[in-house]
2 protein chains.
Amino acid sequence: MTFKQSTTEKSTCFIHKLLSNREQKIANRELELLNVAEKIMIHEGFSGFTMDKLVADCNYSKGTVYNHFANKEDLFCALSIEGMRFLISLMQRSLNIQGTLREKCLGLFYSQRLHSQIHPTSFLCVLMAKTPAVLERASKARLEHQIILEQETTALVDKLLSTAITSGDINENRKQHEESLCFALWSMSFGSNALLINAAEAKAVSRLDTNNALLFNINALLDGIGWKPLSSECDYQQSWLRIGNEVFSKEVSALQE
Amino acid sequence: MTFKQSTTEKSTCFIHKLLSNREQKIANRELELLNVAEKIMIHEGFSGFTMDKLVADCNYSKGTVYNHFANKEDLFCALSIEGMRFLISLMQRSLNIQGTLREKCLGLFYSQRLHSQIHPTSFLCVLMAKTPAVLERASKARLEHQIILEQETTALVDKLLSTAITSGDINENRKQHEESLCFALWSMSFGSNALLINAAEAKAVSRLDTNNALLFNINALLDGIGWKPLSSECDYQQSWLRIGNEVFSKEVSALQE
DNA sequence: GTCATTTTTGACGGTTCGTCATATTAAGTG
DNA sequence: CACTTAATATGACGAACCGTCAAAAATGAC
């Protein structure tokens, strides 16, 4: 009896472990598939990517692949989700920098820029996932997941904003527009990076120039909402470099080559 | 002799006329095809659009359609070009408003917003045409045309900026960054509208809210670059409405329904 | 060892794309 | 008007791609 109970206990425990193992295995395979997909995109471009190629390049059959992704666009969406995950991890790290709150805010922007530089394909997937072609076809679950991650990112910005308001770095009468502020920051970051990534390819603008352009845009906006210290009082170009050196040194040096 | 000459003259003239007629005819047909394509997209979504459907819905054969567009993405690019043409026409009209230079600048932003509202599909095509999936496949000629139109739009912004600088509405020491300023405005406008068009569909945000969000973003940025009169000194919500009433009354009232 | 359930497989049908040999039309010429 | 030549239009066709599904294999319970 006790024995039996213990076995069932063990058994259920085992089942739980197995389930989580299986789920883990499935999750791992999904990441593996996404990796293969990204490699194909890197080598053959977005238009060169096909589900058949993915099936050929991975060790699973078509049915298994379609078990993970409802369709091609769903896979794009999954790539976008991984990209956002990566971005969030960068953003969280960036908050560790020593300095003013505005410098921390700069760090958030720096993270997005870094993402677009380290994994351009991934960043482009995030862009494409906002495109109707993807939104119309991706699975509901995936789209919801994406929205959740978007909320996570805006939550990071929001939190920083409210501490800046309570600490007085942003004028308190802005408090009623906190949500608007967050949206403004996000719009600027998104718009700048989206345009820059195209410009960089089309017109061969140097990385330095694009970084400066981005910093210029952010500074203008942050000055506009009166986030102290203003760019006239502080050398944010210096801060920008510092973020790279202090928080993202490994990534930045890897990027140099 | 004279007669003969006159006939050849007539003839060449006739040829010229014919050629231009033919070219005109071809150009018209292209617009016709683009119209049909847009209708299909409106009714069946972007993912529901296929070249076969286009061929079925127009009075021309597949070969003729492919005579106009190198491939599907090239057609998207063509739609984007038409969209930008329309946007430019709106922007030019918007400059006619009476008021400060900053209000004229608001007009430029208003134009883009209006475009995204009147012809959402067209606006989305402009977005999609910045996507690698399209950029990789569209024909060279079309892509170049697109770049030219982009330059035209930025030229409008640039011109306004430099008059604002010379007139003193923007501090003169900003002059060295004129290009950066233009890029900042463009980034903000693009980012805001791109995010808003998704938000509006996903989260059912009202048009009023989205308009306010956009205006908030612009004001923050323009304040940041010190474009006088600042938003604290002037009711730009009023200006925004005025632009709609004075310059785009027809479009706005058509949009009310 | 057997059965039920889940997962995997890849052959297959249906779409979609884009091409190309052929047919048609138009322009030029005598 | 007849004839040649050049330009344009046609739609049948092959190739590629997508996504499904019945059958096979694997897994786990008893």
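Predicted model: local features only at pLDDT ≥ 70, side-chain atom pairs only at ≥ 80, totals over all residues.
Reader: How do you know that chain A and chain B are in contact?

Author: Contact means heavy atoms within 4.5 Å. By that rule, 37 residues of chain A are in contact with 37 residues of chain B.

Reader: What area do chain A and chain B bury between them?

Author: About 3,000 Å², with 75% of it on carbon and sulfur atoms. Buried area is the accessible area (1.4 Å probe) that two parts lose on being put together, summed over both. A:Phe183, A:Leu195 and A:Phe216 supply 21% of what chain A buries against chain B, more than any other three residues.

Reader: Why is B:Leu222 called buried?

Author: Buried means under 20% relative accessible area, exposed over 50%, partly exposed in between (1.4 Å probe, protein chains only). B:Leu222 has 0% relative accessibility, so B:Leu222 counts as buried. B:Leu222 sits in helix 10 (residues 207-224) of chain B. Helices here are DSSP runs (H or I, at least four residues), numbered from the N terminus.

Reader: Which residues is B:Leu222 in contact with, leaving aside neighbours within four places in sequence?

Author: B:Arg102, B:Cys105, B:Leu106, B:Leu185 and B:Trp227. B:Leu106 is 116 residues away along the chain, yet the two C-alpha atoms are separated by 9.6 Å.

Reader: Why does B:Val55 count as buried?

Author: Its relative accessibility is 17%, so B:Val55 falls on the buried side of the cut-off. B:Val55 lies in helix 2 (residues 51-57) of chain B. Not counting residues up to four places away in sequence, B:Val55 touches B:Tyr60, B:Ser61, B:Lys62 and B:Val65.

Reader: What makes up the lining of the second largest pocket?

Author: 20 nonpolar, 11 polar and nine charged residues. Ala, Val, Leu, Ile, Met, Phe, Trp, Tyr, Cys and Pro count as nonpolar, Asp, Glu, Lys and Arg as charged, and the others, Gly among them, as polar.

Definitions and conventions. Residues numbered from 1 in each chain as written. Chains lettered and ligands numbered in written order. Heavy atoms only, no water. Helix = DSSP H or I, 4+ residues; strand = E, 2+ residues; numbered from the N terminus.
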